[in-house]
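The following report examines selected features of a protein assembly. Please consult the sequence and the coordinates alongside the text.

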Amino acid sequence: MQMGEVRFSLLYVADAAVTLPEFAEADFQSKPANGARILNGKVPESLMANEEVVDHGRRRFLTVTTAVVGGAGVIAAVVPFIKSWEPSARAKAAGAPVTVDISAIEAGQKVTFAWRSLPVFVVNRTKDQLAQLKGLEPRLLDPLSSDAAQQPKYATNETRSIKPEWLVVIGLCTHLGCVPDFVPDIKPEPFDANWKGGFYCPCHKSRYDLSGRVFSGVPAPKNLPVPPYHFIDDTHIQIGVDPQEAG
Amino acid sequence: MIKRYLSSLALALGLAAATVPAFAAEGGEDLPSAGANVADKASLQRGAKLFFNYCVGCHSLKYVRYSRLATDLDLSEDEVMNNLNFTGAKFGEPVISHMPADSAKAWFGKDPPDLSLEARAKGTDFIYNYLLSFYLDPSRPVGWNNTVFPNASMPNPLWELQGLQVAVHGAAKPGEEAAVEKLEIAQPGRMSPEEFKGAARDLATFLEYTAEPAALQRQSIGVWVILFLVALTFLLYLLKHEYWKDVHESH
Amino acid sequence: MANVFSRIGDWVNERAPNLAPTYRKHMTEYYAPKNFNLWYYFGSLALLVLVNQIVTGIFLTMNYKTSAAEAFNSVEYIMRDVEWGWLIRYMHSTGASLFFVVVFLHMFRGIMYGSFKKPRELVWILGMLIFLVLMAEAFMGYVLPWGNMSFWGAKVIISLFGTIPFIGDSLVQWIMGDFLPADATLNRFFALHVIALPLVLLLLVVLHLAALHEVGSNNPDGVDVKHGPKGNRWDANKPKDAIPFHPYYTVKNLFGTGFFITVAAFIIFFAPTFGGWFLEHDNFTPANNLVTPSHIKPSWYFTPFYAILRMIPSYFGTAIWGVLGMFGAILLLALLPWIDKGEVRSVRFRGLGFRIALGVLVVSFLALGLVGAGVTAEVIPAWFPGVDVTTWENAFGRLMVLGYFGFFVFVWIYTRFGFEKTKPVPERVTMHD
């Protein structure tokens, strides 16, 4: 009779272990003696019956199945909450392509426009400034703009632009996202005795040339990104749309 | 034992049932149903066309973006921008009427309300019946009155379609004005009465959509959610039943 | 992996040796009577709804704007522009109403089976405090969308404090921070709704559960399983008629949860306004301090208490009696352990008088709800054409007020002076299946 009692306990432990190890260990390893005393060495018929009734395979199968199905449900319910952090319809509408008039930007001047709340620098570079780009290659990290993520194909050239004089870049330093200063003059600067004009980030002293190409030896790892843009006519560009998309 | 369980259940159901007359009574004014079906894309498109031809002159839909209309009504960007957008707004911008607020006040005595949420505030059926119930009333400042919304300050924008309605008054009780008994078409419009009811239904449907654009998604998603939950609940029932064999055996 | 977990467990145990026993006491080794019926689902469901309200509430605050100028627009922004915002908002608004559904049923269960009686008075008192905080929480949440019902609801409810003698008017202004509900009111209600009251609510819920686990759950028979025979198949020292909460009531409550969520999902996806009961028509119009909605009434879950307020007339030039009546209705519930002096807990073995009184309480409460919601004002002229609606409504409403308060008076007399003829209470619980 005692054997029956013990066997039942073990069976139960094996089963409960699936769902709740603490319960099984805490109760049954320490208490069979108590149980035996209370039961006066007699196993009630109902307990004997249990042994046959409990279908452990079925129980485990149901537990696992409901856990999997319920888990899938919880994951599905979490998705809307994660998705709610995506840019909203308003943010997307505000991030729509913007058309800007560049006719008033004089040679050598930079104007900043907002696109998707980002500062977009549009620089009208002089012939002189463009000429300086040539000799800089050895001092640059990525002079050939080999990182395709930093500019569209049509801006993968020395001037990193569609029209040589017009530079369009997103004015956020690729180091930690500060807005670099536009320092166009070709003259020695405190941060660079051999300065040929470009962008200088006040936060951590990263430097870029007038094509937005990053110098080597500064914290910033990449060239300034060029957004998609195209010329509507000679005096208007649309930022946010590639030339081929605009037809 | 079963009896007791059932009586408990009956009590719970009884409590739930006690609230039913309350819900039934909430309907309020018994207007004829518009029969609007917000899932009917063709009706929504017709309603949108009517709205942008006859309503947007005065009423905005400031919570509705043109881009959202395109997605939800199965229209292309060009269709929306060429056929619905007459104000020069951008695709992503909301529908704002071009009527200056000052002149609106001067003409109608009040600003024409934004209609984005009209169907939720007043009901789709209200809009439908309101549109059908304009009649000529020389005593009103704008020359129009409405049986569903008496003394509305709005003229019938759709009179070209519906024609001109006049009121047939019943016998006046002493000291009171005669009540409007029914409305009759005095001069037919471009649409037959049946066609016009369809147009009013389309407009009401469109405004039901603008009041809750999510209605289009929630019902189609809801079906799957409910099916999943019913299956899960069934599984949970089986699980509960399986575990509770222990309890039922040991008493 | 298991080794890592057990070492972390040991590390924690060494530093907080009482943590694990506490966890076991309340979670894994909590024994409950085995004869719970469907009335016992609502406690766990209330907890589920609380979690839902907190999670969806947190996500709503991410896009909600707390200002009188922007609040209404920001709610529509959530409904339209935020991806899945509509679902999150409907989960919150439906959850609010379902919270009251389950809490009302949970409270009714407590009255029906005498769960408030000794030794569970503390559990009951803490539960009533939860109910009070929940009402404040719901009221302030209702104001946040700043629709026209929000505005006028706030105006009317805050005006209740104006009936307090001497300080009333200045108190009302102090609560609003303005001369009408305004930006300042909205901001402070937001702070209370999203931070202060939820913290209090959580604390009270923890205490409610701790107090419950100290004395153990009651059951539909009202039999003390602790005093019955000992020893069951799981533990030789636990009551014979109790079973481990886990896994048995865990799986049972999960099943109840599945059923409940299915119902909730049906409302959320197919009837989110619930015919104007969960989200009112007039609240889709922005707040307007010049126009009161024609059918002004509180949310459905306040209507019984609101009806008590409306049905009690003013005497001696003050309207405070209605306010006292309304709060008294809640206070009397809290005092039930001392009003009902009957020895027998469960309605199953109580005298006929108590059973009838309980029925009267339920009917009065529901009827007052209909009065408060303005249903009677619509139904009376439809069913009895030509009668004076106000007279009839007042007569009916006051009868129901009498029914509600009558319950407490009757039960006190009935039990205090030994009129109750109870049936014999069995030694052991009975199972029904």
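Which residue in strand 7 of chain A is the bridge partner of Gly198(A)? The bridge partner is Asp209(A).

## Basis of the description

This is a predicted model, in which local features need pLDDT of at least 70, side-chain atom pairs count only at pLDDT 80 or more, and totals for chains, interfaces and linings use all residues. Residues are numbered from 1 along each chain as its sequence is written, chains are lettered from A and ligands numbered from 1 in the order in which they are written, and side-chain values use heavy atoms, with hydrogens and water left out.

## Sheets of chain A

Strands here are DSSP runs of E with at least two residues, and helices are runs of H or I with at least four residues, both numbered from the N terminus. Two strands pair if DSSP finds at least two bridges between them. Strand 6 (residues 198–200) of chain A is joined to strand 7 of chain A by three bridges.

Another open sheet of three strands in chain A has the order 1-9-8, also with antiparallel pairing. Strand 1 (98–101) and strand 8 (229–233) of chain A each have a single partner strand, so one side of each lacks a neighbour in the sheet. The twist in this sheet averages 30° from one strand to the next. Four bridges connect strand 1 of chain A with strand 9 (residues 236–239) of chain A, and Asp101(A) stands opposite His236(A) in strand 9.

## A buried strand in chain A

Strand 4 (residues 166–170) of chain A is mostly covered, with five of its five residues buried; buried means under 20% relative accessible area, exposed over 50%, and partly exposed in between (1.4 Å probe, protein chains only). Trp166(A), Val168(A) and Ile170(A) point one way from strand 4, while Leu167(A) and Val169(A) point the other way. Strand 3 (residues 118–124) of chain A runs antiparallel to strand 4 of chain A and is joined to it by five bridges. Within this pairing, Phe121(A) has Val169(A) as its bridge partner.

## Arg218(B) and its surroundings

Arg218(B) lies in helix 11 (residues 215–249) of chain B and counts as buried because its relative accessibility is 6%. Leaving aside residues up to four places away in sequence, Arg218(B) touches Glu212(B) and several residues of chain C, including Trp86(C), Tyr90(C), Phe269(C) and Pro272(C). Contact means heavy atoms within 4.5 Å.

## Overall form of chain C

Chain C has 16 helices and two strands. The C-alpha atoms of chain C fill a box of roughly 70 × 65 × 45 Å along the principal axes. Buried residues make up 56% of the 433 residues in chain C.

The axes of helix 6 (residues 121–143) and helix 7 (residues 148–160) of chain C come within 8 Å and cross at roughly 140°. The two helices are therefore oblique to each other: angles under 35 degrees count as roughly parallel, over 145 as roughly antiparallel, 65 to 115 as roughly perpendicular, and the rest as oblique. Among the residues that meet are Phe139(C) and Tyr142(C) in helix 6 and Ala154(C) and Ile157(C) in helix 7.

The peptide bond from Lys118(C) to Pro119(C) is cis, with omega near 5°, and Pro119(C) is found in the loop between helix 5 (85–112) and helix 6 of chain C. The bond from His246(C) to Pro247(C) is likewise cis, with omega near 5°; Pro247(C) is found in helix 10 (residues 245–270) of chain C. Phe316(C), a residue other than glycine, has a positive phi near 55° and is exposed, with a relative accessible area of 78%.

Conventions. Axes fitted to C-alpha atoms, helices over the stretch in contact; angles between N-to-C directions.
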